[in-house]
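User: I have a new structure open and would like a quick tour. Can we go through it together?

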Amino acid sequence: MTSGGGARTALHLFLVWATMSVAVPVLGLGLLAAGWGGGAGRAAALFLLGVPLTVALLATTGVPVRTLVPLCASARRRFGWAVLVFVLGTAGVLSGVAAYGEDVDLGSAGARLALTGVPYAVAAAFFVPGRWVRFGAVGALAAGVAYGGFIGPAQSRHRQQEAEIARYREHAELLYTGAAPSGMRVTRVLAEPASFSVEYRSVREDDVALVGLTVRSLLTPPARCSDLVQQGVTCRVDAHGERRTVRDLPDGGHEVTLTRRERSAEFEVSSQTLDETGLRRLLDTVHPLSDAELETLMREEKIDRNL
């Protein structure tokens, strides 16, 4: 392609991009306004009028390359070329809209308007009989597919995860966990405004062993043994302020609860199956929940919030 042909091709693609960057948003907003204010009938009428006008406007951008692009050699052929570019470009725009709906970052409002014309310019480039122009179009198409289909969604998921972590970290003083007792694993975590609960269950499906860890704000008044003692319940507080409560169960078993207040929260572990030694060992391993642990809980969908 000669230097003159290259200049005309550049002008042609620029005109396609600039024309459609203006015409398509105007047509889209017009259809939206017509559908909102006048119903489907008015929107359909505007569509039947607006699309041919947009295609006709697009056809004028083929004039600079009428001697280079065979499909632009005559007015009739330019209109057919414009229809093809409009259909292909609109498919690209709709793909971009779908990606934007999935929270893929497409920049500011101005950037999104500018991007509207890009699919049409890429489609037009495929009709230019120049190897490097078509290579460039293939590269632009591949970049758009890669970003809209893979890179953008991955970035969107990362932003959503960071925002979710930030919401949990608003109550960082409650985000604690402990090492799962032997033969058990974390199965459910619940974050609430004044508490954070971790549920441990046996790794065996036929075992009903259950242990609960609850972290409460120190703003919550501590329960006293005098408030807890009743028939079937014993309570004592040791020299370190740790409270031990044992509740008799109808089946003859016992539920043991250990409560400790330290750092910025009150920690309580309880179980009907794990003995006091195991509960104390769990209580001794309580530590602030790390970002990696929080991300794992989120990824495995084991954590819920009621904040």
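**Helix packing and aromatic pairs**

Analyst: Let's start with two helices. α5 passes α8 in a right-handed crossing. Keep in mind that this is a predicted model.

User: Which residues of α5 and α8 make the contact?

Analyst: From α5 come Gln161, Glu164, Ile165, Tyr168 and Arg169. From α8 come Asp291, Leu294, Glu295 and Met298.

User: How do the residues of that contact divide into nonpolar, polar and charged?

Analyst: Four are nonpolar, one is polar and four are charged.

User: And what is the angle between α5 and α8?

Analyst: About 115°, with the axes 11 Å apart. Helix α5 covers residues 131–169, and helix α8 covers residues 291–299.

User: So are they roughly parallel or roughly perpendicular?

Analyst: Roughly perpendicular. Angles of 65 to 115 degrees count that way.

User: New topic. How many residues of α4 are buried?

Analyst: Seven of its eight residues, so α4 (residues 118–125) is largely enclosed by the rest of the structure.

User: Which ones are they?

Analyst: The buried residues of α4 are Pro119, Tyr120, Ala121, Val122, Ala123, Ala124 and Ala125.

User: What about aromatics? How many aromatic pairs does the structure hold?

Analyst: Four. One of them joins phenylalanine 14 and tryptophan 17. Their rings are 5.7 Å apart, centre to centre, with 40° between the planes. That pair is tilted.

User: Where do phenylalanine 14 and tryptophan 17 lie?

Analyst: Both are in helix α1, residues 3–60. They are three residues apart, about one turn of the helix.

User: What is the relative accessible area of each, phenylalanine 14 and tryptophan 17?

Analyst: Phenylalanine 14 has 48%, so it is partly exposed. Tryptophan 17 has 29% and is partly exposed too.

User: Now the pair of phenylalanine 86 and tyrosine 120. Why is it tilted?

Analyst: The planes of phenylalanine 86 and tyrosine 120 are at 35°, so the pair is tilted. Under 30 degrees would count as stacked, and over 60 as edge-to-face. The ring centres of phenylalanine 86 and tyrosine 120 are 6.2 Å apart.

User: Which helices hold phenylalanine 86 and tyrosine 120?

Analyst: Phenylalanine 86 is in helix α2 (residues 75–101), and tyrosine 120 is in helix α4. They are 34 residues apart, so this pair links distant parts of the chain.

User: Is phenylalanine 86 buried or exposed? And tyrosine 120, buried or exposed?

Analyst: Phenylalanine 86 counts as buried, at 13% relative accessibility. Tyrosine 120 is at 1% and counts as buried. The cut-off for buried is under 20%.

Terms used:
Residues are numbered from 1 along each chain as its sequence is written. This is a predicted model: local features need pLDDT of at least 70, side-chain atom pairs count only at pLDDT 80 or more; totals for chains, interfaces and linings use all residues. Side-chain values use heavy atoms; hydrogens and water are left out. Axes are lines fitted to C-alpha atoms, for helices over the stretch in contact, and angles run from 0 to 180 degrees between N-to-C directions. Helices (H or I, at least four residues) and strands (E, at least two) are DSSP runs, numbered from the N terminus. Angles under 35 degrees count as roughly parallel, over 145 as roughly antiparallel, 65 to 115 as roughly perpendicular and the rest as oblique. A crossing is left-handed if the near helix is turned anticlockwise from the far one by less than a right angle, and right-handed if clockwise. Contact means heavy atoms within 4.5 Å. Ala, Val, Leu, Ile, Met, Phe, Trp, Tyr, Cys and Pro count as nonpolar, Asp, Glu, Lys and Arg as charged, and the others, Gly among them, as polar. Buried means under 20% relative accessible area, exposed over 50%, partly exposed in between (1.4 Å probe, protein chains only). Rings of Phe, Tyr and Trp (its six-membered ring) pair if their centres lie within 6.5 Å; planes under 30 degrees apart count as stacked, over 60 as edge-to-face and the rest as tilted.
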